[in-house]
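I want to look up a few residues and jot down what turns up.

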Amino acid sequence: MNTAWMTLLGLLFLVPESLAQAPIAAGYSPVFNIGAGYSFAHVAVPSRGHLNMNGASVTASLDVNARFGIEADVSYVRSSNAFGTTHSADLLTYVGGPIFYLRRAKQVDIYAHVLIGAARETGVNFDSNGGLLLGFVNRFAWATGGGAEYNLDRNLSLRFVADYLNTQFFSPTIAIKHQNNVQAFIGFSYRFGSHRP
């Protein structure tokens, strides 16, 4: 009888310790993403009009947690016959900044980002007499917008992005002017590691 009481008494003392062993919540480790795909830009040339440029973009991001990350983007787009001349125009942007996930679900992630960096634009413009001006400008640039990722599986997703892109190029008087551009991207993204169960 003493053994039974001692065992019962011992179990009562161990109950608080067993309650303290509740399941541990799953943590979040940083997740690295890399993506590539087709890029399109509608570029405003000062005092001239718009050029449609096509090319490619490469992106890389590090998700620090489920709602916040850091992104870097390099994009190159080109037009082979700018404004009917035989000269090409191109735009190389290299920007980076924070990315904010607005919605995370099993199938679709939606995010917004603000990216700063620089852009090098090579191309043509015309002076007041209609003469052809050739050159390039490499200046500060920034982009803001967002996108959506449609998750094909645990690691691979289809990515859509639309951005307002602010760059700089020379005007007919050779003055550097800001450009209000629109850039879009469609491609694939691969996730190394996963925040998904």
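Predicted model: local features only at pLDDT ≥ 70, side-chain atom pairs only at ≥ 80, totals over all residues.

First stop is Q183, which counts as buried because its relative accessibility is 11%, and the cut-off for buried is under 20%.

Where does Q183 sit? I find Q183 in strand β8, which covers residues 176–192. I checked its side chain next, and it makes a polar contact with the side chain of S39 at 3.1 Å. Then I listed what Q183 touches, skipping neighbours within four places in sequence: S39 and F40 are among the contacts, and so are S57, S75, T93 and D163.

Next entry: F188. I see that F188 is also placed in strand β8. Buried or exposed, or in between, for F188? I get 48% relative accessibility, so F188 counts as partly exposed. I also looked at G37: it is 151 residues from F188 in sequence, yet their C-alpha atoms are 6.3 Å apart in space. Beyond four places in sequence, F188 is in contact with I34, G35, A36, L152, L156, S157 and L158.

Now the backbone angles. Most residues other than glycine have a negative phi, so I went looking for exceptions. I noted F83, with a positive phi of about 55 degrees. F83 lies in the loop between β3 (68–79) and β4 (89–104), and it is partly exposed at 23% relative accessibility.

I noted I174 too, with a positive phi of about 65 degrees. I174 is in the loop between β7 (156–170) and β8. With a relative accessible area of 54%, I174 is exposed.

Notes:
Residues numbered from 1 in each chain as written. Heavy atoms only, no water. Helix = DSSP H or I, 4+ residues; strand = E, 2+ residues; numbered from the N terminus. Buried < 20%, exposed > 50% of the residue type's maximum accessible area, 1.4 Å probe, protein only. Polar contact = N/O pair within 3.5 Å; in protein donor to acceptor, adjacent residues only side chain to side chain. Contact = heavy atoms within 4.5 Å.
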